[in-house]
Amino acid sequence: MECRPITRRGMLLGSATVCLSQALRSASAAPAPLTFDDLYGKIGVLGMSFSDKVKTLAGQDVTMQGFMAPPLKAEAKFFVLTEIPMALCPFCSSDADWPDNIVVIYLDQAQTFEQANALIEVAGRLEVGSWTDPETGFVSLLRIVDAHFYRAA
């Protein structure tokens with residue numbers, strides 16, 4: 001390949017290419033929206049299987065809207081995101097009351113918890129597969145980690 005001297009036109013075209021490349025990278029780095037309907041491909045007698053979308057997004061940044069289940073304790077660094085508002089702590093009621101559409105949220109830093117009836121949006125990295133929290137012993141199948149949340153508009 002022959003090297004050519006750098007010209008003003010070449011510099012401008014090179015800058016435009018770099019800018020376009022950076023814009024495309026940042027657009028593709030935007031968190032992917034995920035809904036409760038997106039979580040599972042099928043639910044049958046053998047249990048639940050994750051959807052293709054969840055499998056594809058594993059390890060990537062996502063956003064998700066839902067409701068904060070009442071936390072176990074005020075200083076907890078995690079909470080459960082549910083599809084519908086819950087008035088009671090899901091850990092304090094029977095398993096018959098436990099929703100089948102939940103995602104565990106591990107915060108990047110402590111935040112003030114929202115009321116259970118407030119719609120929130122969570123952003124963080126999606127982790128897929130069974131995992132046991134070494135501090136609490138809580139087992140989860142889906143988690144959004146390094147997360148933060150705010151009230152949805």
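The following paragraphs lead through the structure from its overall layout to the surroundings of single residues.

This is a predicted model, in which local features need pLDDT of at least 70 and side-chain atom pairs count only at pLDDT 80 or more, while totals for chains, interfaces and linings use all residues. Residues are numbered from 1 along each chain as its sequence is written, and side-chain values use heavy atoms, with hydrogens and water left out.

Along the sequence their order is α-β-β-β-α-β-β-β-β-β. Of the 153 residues, 36% count as buried, where buried means under 20% relative accessible area, exposed over 50%, and partly exposed in between, with a 1.4 Å probe and protein chains only. Contact here means heavy atoms within 4.5 Å. Among contacts with a separation of 6 or more, 62% are between residues 24 or more positions apart.

Strand β8 covers residues 139–151 and includes Arg-143. Arg-143 is buried because its relative accessibility is 3%. A polar atom of the Arg-143 side chain lies 2.8 Å from the backbone oxygen of Gly-129. The side chain of Arg-143 also makes a polar contact of 3.0 Å with that of Ser-140. A polar contact is a pair of N or O atoms within 3.5 Å; within protein, one must be able to donate a hydrogen and the other to accept it, and residues adjacent in sequence count only if both atoms are side-chain atoms. Beyond residues up to four places away in sequence, Arg-143 touches several others, including Val-103, Tyr-106, Glu-127 and Trp-131.

Side chains of opposite charge can pair when their charged atoms come close. A salt bridge is a side-chain nitrogen of Lys or Arg within 4 Å of a carboxyl oxygen of Asp or Glu, and the whole structure holds four of them. One joins Lys-53 and Asp-38 at 3.1 Å, N to O. This pair links distant parts of the chain, with Lys-53 in helix α2 (residues 52–57) and Asp-38 in the loop between β1 (32–34) and β2 (40–44). Another joins Asp-146 and Arg-125 at 2.6 Å, N to O. Here Asp-146 lies in strand β8 and Arg-125 in strand β7 (residues 119–132), 21 residues apart. Arg-125 also meets Glu-127 in a salt bridge of 3.4 Å, N to O. Arg-125, Glu-127, Arg-143 and Asp-146 are linked in a network of salt bridges.

The aromatic residues and the end of the chain remain. Phe-78, Tyr-106, Trp-131 and Phe-138 form one aromatic cluster. Rings of Phe, Tyr and Trp (its six-membered ring) pair if their centres lie within 6.5 Å; planes under 30 degrees apart count as stacked, over 60 as edge-to-face and the rest as tilted. Five such pairs occur in the whole structure. In the segment after β8 stands Ala-152, which is buried because its relative accessible area is 17%. Ala-152 and Ile-120 are 32 residues apart in sequence, yet their C-alpha atoms are 4.6 Å apart in space.

Definitions and conventions: Helices (H or I, at least four residues) and strands (E, at least two) are DSSP runs, numbered from the N terminus.
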